[in-house]
Amino acid sequence: MNLLDNTKDRYIKDLKAGLKVEWYYKCVEVSKKTKRDGGLYLALELMDKTGRIPAKIWDNVESCLKLLREGKVYKITGYVNEFMKKKEIKIDSINPVSPGAKDYNEADFIEQASFDTEALFKQMIDTMKANIKNDHLVRLIDLFTQGYEEKFKTHYGAQKIHHAYLGGLLKHTSSMMELALFIGRHYALDTELLLIGVLFHDLGKAFEFTISPSVNLTVEGGLLGHLVIGNRIFLELSDRIDGFPEDLRVKIQHLVISHHGEKEFGSPEVPKTAEALALHVIDLLDSRINIMKEAVRDAETGGPFTDYLYPLGRRLYIEKNDEKK
Ligand SMILES: [Fe+2]
Ligand SMILES: [Fe+2]
């Protein structure tokens, strides 16, 4: 049986080494690279609603480069190869989608969240409201919801590395919210302050990079970064609340701008309150555990260890029952 007779086998999650492909994929990343002999090749990242796969173009590099735009769908002909134990497509030809192509379905390239973002957002706001009594902060949460709910629900948690998927920012923030509740109570911290710090800490990411048509740093993101952007949004919202206490405003700003923990990691100030330190540690814990879980889940090494993970500076052990879980 020709596997390609079956439409489902054209989706990225179903591609197997050795298969010929002649199908539509969205190009989300393209970069020019140098071969050992000094010639050029193109490294691409392709996606559809089922996943992502790397791809390479070895011939006609200049003409392909002229045609390729990140965020656009192309009809791609090539073969699925295995390189360093990972699947990739070796592209033979690439063509724009012909107008009215019957086998092309736009919905195949719209990334979908793997969980109910609506419900998780509501749960996060309900948790905050149940634990925050300060009227100014309750008003702040309402203004946040009015202005940023849609963007916050769908944005990625990072461009790459951790929570880099639709709804990732929400997943990361709401997970940190649970940790903040526990840690705030355990150490008798100002839990209301800590929860607000969690809410705003990565909000700037929604403007630091775009996720559609492709993941790309914005000018504001590249020049200011998400700490400064998040701080600005917090100031804009709190300015709209009559009588917002100045000392509270400064403490929240401190949480947002110090959450990377060290000046060399982009924080203009190191955490100088227990709540700011707690926010930094919770953020680190949640992002690192997520990196570990995703790396073990996606490992294609077949061995007892993952590939080397640069953000963590190590390879991770894959327990037998973790494999292909
Ligand atoms: Fe951050
Ligand atoms: Fe974060």
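This is a predicted model: local features need pLDDT of at least 70, side-chain atom pairs count only at pLDDT 80 or more; totals for chains, interfaces and linings use all residues.
Figure 1. Helix H8 covers residues 246–258 and helix H9 covers residues 274–298. Their axes lie 9 Å apart and meet at an angle of about 30 degrees. Angles under 35 degrees count as roughly parallel, and H8 and H9 are therefore roughly parallel to each other. The crossing of the two helices is right-handed.

**Figure 2. Residues in the contact of H8 with H9.** On the H8 side, the contact is made by His254, Leu255 and Ser258. H9 contributes Glu275, Ala276, Leu279 and His280. By residue class, the contact of H8 with H9 divides into three nonpolar, three polar and one charged.

**Figure 3. The two assigned domains.** The domain assignment places residues 3–109 in domain 1 and residues 117–294 in domain 2. Taken over C-alpha atoms, the centres of domain 1 and domain 2 are separated by 36 Å.

**Figure 4. The protein as context for the close-up views.** The secondary structure of the protein consists of nine helices and seven strands. Along the principal axes, the C-alpha atoms fill a box of roughly 65 × 45 × 40 Å. Of the 325 residues in the protein, 31% are buried. Among contacts with a separation of 6 or more, 53% are between residues 24 or more positions apart.

Note on methods:
Residues are numbered from 1 along each chain as its sequence is written. Chains are lettered from A and ligands numbered from 1 in the order in which they are written. Domain bounds come from an automatic or database domain assignment. Axes are lines fitted to C-alpha atoms, for helices over the stretch in contact, and angles run from 0 to 180 degrees between N-to-C directions. Helices (H or I, at least four residues) and strands (E, at least two) are DSSP runs, numbered from the N terminus. Angles under 35 degrees count as roughly parallel, over 145 as roughly antiparallel, 65 to 115 as roughly perpendicular and the rest as oblique. A crossing is left-handed if the near helix is turned anticlockwise from the far one by less than a right angle, and right-handed if clockwise. Two residues are in contact if their C-beta atoms, placed from the backbone, lie within 7 Å. Ala, Val, Leu, Ile, Met, Phe, Trp, Tyr, Cys and Pro count as nonpolar, Asp, Glu, Lys and Arg as charged, and the others, Gly among them, as polar. A residue is buried if 20 or more other C-beta atoms lie within 10 Å of its own, exposed if 12 or fewer, and partly exposed in between; C-beta atoms are placed from the backbone.
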